[in-house]
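Visitor: I would like a close look at a single part of this model. Please take me through it slowly.

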Amino acid sequence: MAHRLLVNVIFTGASVFGKAFTEAYKQAAKASAAAPAAGGAAKARSVGGIPVDEAFKILDLDKKDLSLDKVDEKYNYLFEVNSKEKGNSFYLQSKVYYAMDTLRKELEYLEKLKAAKEGDHGPTET
């Protein structure tokens with residue numbers, strides 16, 4: 001009787017694990033297939049993994065005002081205001097840093113796109 005119970009527990013556990021593994025694999029495959037289609041060319045992401053929209057919110061910037069000078073200005077101010085010496089947290093400084101890093105990489109990406117577009121449609125010499 002104990003053998004039958006043990007075998008049932010093992011088979012049931014294996015069945016549940018197999019179904020969970022299969023479902024996780026399907027979700028991962030679907031996500032990896034959708035990622036290139038959504039973003040076009042792959043963009044670099046900062047180590048902090050902050051999405052661009054969140055980075056705009058953290059640094060209190062608008063998409064239309066995106067420039068290296070504005071990003072640096074907001075970063076310097078917020079990083080200083082949130083310093084540990086002034087009683088604030090390293091966590092907030094990290095969020096500000098990663099937001100700045102994300103927006104800088106976004107600017108680089110946009111510049112590369114612009115350069116590639118100009119290279120495709122630029123004047124040609126004959």
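Which residues have the most contacts inside the largest nonpolar core, and how many residues does this core have?

Guide: This is a predicted model, in which local features need pLDDT of at least 70, side-chain atom pairs count only at pLDDT 80 or more, and totals for chains, interfaces and linings use all residues. Residues are numbered from 1 along each chain as its sequence is written, and side-chain values use heavy atoms, with hydrogens and water left out.

The largest nonpolar core has 14 residues, and Leu59, Leu61, Leu66, Val71 and Leu103 have the most contacts inside it. A nonpolar core here is a set of buried Ala, Val, Leu, Ile, Met, Phe, Trp, Tyr and Cys residues joined through side-chain atoms within 4.5 Å; buried means under 20% relative accessible area, exposed over 50%, and partly exposed in between, with a 1.4 Å probe and protein chains only. Two or more residues of this core come from each of helix H2 (52–59), H3 and H4. The most come from H4, which gives five. Helices are DSSP runs of H or I with at least four residues, numbered from the N terminus.

Take Leu66 from this core. Beyond its neighbours within four places in sequence, Leu66 is in contact with Phe56, Val71, Leu103, Glu106, Leu107 and Leu110, where contact means heavy atoms within 4.5 Å. In soluble globular proteins, nonpolar side chains tend to be buried together.

Asn82 sits in the loop between helix H3 (68–81) and helix H4 (90–121). Leaving out residues up to four places away in sequence, Asn82 touches Asn88, Ser89, Leu92, Gln93 and Val96.
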